[in-house]
Amino acid sequence: MNLLLAEDDAILSDALSAQLWAVGFAVEHAPNGAVAEFLLLKQAFDVAVLDLGLPMVDGLTVLKRVRLAKPDLPVLVLTAADSLESRVAGLNAGADDYLTKPFDFPELEARLRALLRRARSSPANTAAQWGKLSFERDARRASIDGEPLDLSPREWMLLDLLLGQRDKVVTKEQIATAWGSDPSEAASPGSIEVYIHRLRRKLETSGLAIRTVRGLGYLLESND
């Protein structure tokens, strides 16, 4: 189970990493918000533990940005801020659970395993069928009428984002966030249009179409 631990306290992060490794988690540590955002957008994680008081980019901002690109990633917020306002802000930003410091490790482990159980039972993480398109997020496979769909990493992220918000407009800002591992290309509207065009061609026989909503973004809808 791959876990991202975003925590700037070196002593706490070292201790938590060791404990999490001991109970079966493969831990990647981010010492600040900028690194946490980069890793979460670039790599695949099963769950994330995110401190809100991170340097460079605060945890709440990281959470909001990552949630746009990865709506199904389980995120547990870990913070010293225990006020009602802080808890509400964290949950509204997209946190799935909230644990305040100080805490006992067995409770953290139990909460993480509960988040993973819910994620695994969610339909969004199983194979799904849209028209002739079969999409398996966990296995990173897609096919049309049983024929594998050859997608680049950016095309995969784009299709995942469009399917996750089917019948809703996906903005260029959301696409740029999903492509945050390469900000220079992600910020280029022309680059986004190129990938949209490529994905449109690959979906021509799927029964799905990507419609441009002028001034807003793109909408994935059925051809029927």
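Modeller: This is a predicted model, and in it Arg 211 has a relative accessible area of 40%, so this residue is called partly exposed.

Colleague: Why are Arg 211 and Glu 221 called a salt bridge?

Modeller: Their side chains meet at 3.0 Å, N to O, and the cut-off is within 4 Å, so the pair qualifies. Arg 211 lies in strand β11 (residues 208-213) and Glu 221 in strand β12 (residues 217-222), so the pair ties together parts that are 10 residues apart in sequence.

Colleague: How do you know whether Glu 37 is buried or exposed?

Modeller: Glu 37 has 15% relative accessibility, and buried means under 20%, so Glu 37 counts as buried. Its salt-bridge partner is Arg 65, again at 3.0 Å from N to O; Glu 37 sits in helix α2 (residues 33-42) and Arg 65 in helix α3 (residues 59-69), so parts 28 residues apart in sequence are tied together.

Colleague: What makes Lys 172 and Glu 193 a salt bridge?

Modeller: The closest N and O atoms of Lys 172 and Glu 193 are 3.1 Å apart, which means that the pair meets the limit of within 4 Å. Lys 172 is in helix α7 (residues 172-178) and Glu 193 in helix α9 (residues 189-202), 21 residues apart.

Colleague: How many salt bridges does this rule give?

Modeller: The count comes to 10 salt bridges.

Definitions and conventions. Residues numbered from 1 in each chain as written. Predicted model: local features only at pLDDT ≥ 70, side-chain atom pairs only at ≥ 80, totals over all residues. Heavy atoms only, no water. Helix = DSSP H or I, 4+ residues; strand = E, 2+ residues; numbered from the N terminus. Buried < 20%, exposed > 50% of the residue type's maximum accessible area, 1.4 Å probe, protein only.
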